Amino acid sequence: MSTDHSQLVAQSSASASGTPDSGLTPAPGPQISADVSKRPPGPWVVLWKKFSRNPYAMSGLIVLLVFIIAGILAPKLTKFDPAAIDLMFPNLKPGAEGHLLGTDELGRDVFTRLLYSARVSLMIGFSVALASVAIGSVIGAISGYFGGWVDTVFMRIVDVMNSVPSLFLNILFMAIFGSQIKYMILILALTSWMSIARLVRGTFLQLREMQYVEAARAIGVSSWGIIFRHLLRNASFPIIVNATLMVGGAILSESALSYLGLGVQAPKASWGVMLSNAQEFMLVDPMQAVYPGLCILLVVLAVNFIGDGIRDALDPRQQVTKSRRRLEKWRKNYSKSGN
């Protein structure tokens, strides 16, 4: 009995361990490949991959970053004071007396004023874009979600604002409230939020009928929670695209107001102010108008390229382009013929 018992124990242990003596093979467990277990990239990663492969968008981003960094590091990049007047050296040529781009009619260093003007113009452009997006998103979200008389009232306000020339309103408000930068940002934002409101309203009219919105209502989520926690997130990509394009429009509006003498006032400098001052000396030194005009052109063009790049990256029909070397590698590894 003891011998039979020991043989039974040995056979059971051999079968449990799956040795060849038992004649049984272990059951294959679930194999999880590395590709399946790998987490897929998020939407922001996919967006950056598509954006980074757009040469125009990346060029615009680099140019914009150069202007932003130059404006921030302006005290480190020049030794001159942008408001310092030196009537002994007016209208100097580029490179004379240590002035990289020369001086203006009052002896102020042109390169220094361009650097400090980048601070003012870019700050106004980004601030107006953020304020306009905030106002337009809230109004468009409320109008599109609730509908009915709320939608009618807000859209009629938008129609009235669009029917009045924005430049006329900007000039009127600047003449009333003054030429301080905070008033300029507020006035430009109040006259440029309508396009964002229409965009958000149209997006909300589609999103409010989705199933996840009905599920959120069923579990007791408030209307404001649905608007700000669910719907605005799904409408964020088109808002970002239009916000980037609004930066260029705000810079142009600030330059126009400063050119008319209603924008930034001395001793502060902006590209529009430099254009306004240079118009009286076009025959003496035309480059005083070329430098700020070229800065405005480059920044606005860069912002538009960035906006177009984000729009193309958000388009689901646009595929991420692969390099030829990567395509050849994939063909070699995964092609059935191996060619």
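**Reading the core and the aromatic pairs**

Guide: Phe67 and Trp271 are both buried. Buried means under 20% relative accessible area, exposed over 50%, and partly exposed in between (1.4 Å probe, protein chains only). The model is predicted, so local features need pLDDT of at least 70 and side-chain atom pairs count only at pLDDT 80 or more, while totals for chains, interfaces and linings use all residues. Residues are numbered from 1 along each chain as its sequence is written, and side-chain values use heavy atoms, with hydrogens and water left out.

Visitor: How many aromatic pairs are there?

Guide: A pair of aromatic rings is described by the distance of the centres and the angle of the planes. Rings of Phe, Tyr and Trp (its six-membered ring) pair if their centres lie within 6.5 Å; planes under 30 degrees apart are stacked, over 60 edge-to-face, and the rest tilted. By this rule there are five aromatic pairs. One of them joins Phe67 and Trp271 edge-to-face, at 5.9 Å centre to centre with 80 degrees between the planes. Phe67 belongs to helix α4 and Trp271 to helix α14 (residues 271-278), so this pair ties together parts 204 residues apart in sequence. Helices (H or I, at least four residues) and strands (E, at least two) are DSSP runs, numbered from the N terminus.

Visitor: Why is the pair of Trp224 and Phe228 stacked?

Guide: The ring centres of Trp224 and Phe228 are 6.2 Å apart and their planes are at 20 degrees, so the pair is stacked. Trp224 and Phe228 are separated by about one helical turn, because they are four residues apart in helix α12 (residues 223-234). Trp224 is partly exposed at 45% relative accessibility, and Phe228 is partly exposed at 41%. Together with Tyr145 and Phe146, Trp224 and Phe228 form one aromatic cluster.

Visitor: Which residues touch the most other members of the largest nonpolar core?

Guide: A nonpolar core is a set of buried Ala, Val, Leu, Ile, Met, Phe, Trp, Tyr and Cys residues joined through side-chain atoms within 4.5 Å. The largest has 42 residues, and Leu114, Leu122, Phe204, Leu231, Trp271 and Val299 touch the most other members. Helix α15 (residues 287-314) supplies the largest share of this core, nine residues. Another core, of 13 residues, lies apart from it and includes Ile124, Met174, Ile181 and Leu257.

Visitor: What is Val299 in contact with?

Guide: Contact means heavy atoms within 4.5 Å. Leaving aside neighbours within four places in sequence, Val299 is in contact with Leu64, Phe67, Leu122, Ile251 and Trp271.

Visitor: Is Arg108 buried or exposed?

Guide: Arg108 has a relative accessible area of 9%, so it is buried. Arg108 sits in the loop between α5 (74-77) and α6 (110-146). Beyond four places in sequence, its contacts are Pro82, Ala83, Ala84, Ile85, Gly102, Thr103, Arg113 and Asn277.

Visitor: Is Ile72 buried or exposed?

Guide: Ile72 counts as exposed because its relative accessibility is 58%. Ile72 lies in helix α4.

Visitor: What about the chain taken as a whole?

Guide: The protein chain has 16 helices and zero strands. Of its 339 residues, 35% count as buried. Among contacts with a separation of 6 or more, 69% join residues 24 or more positions apart.
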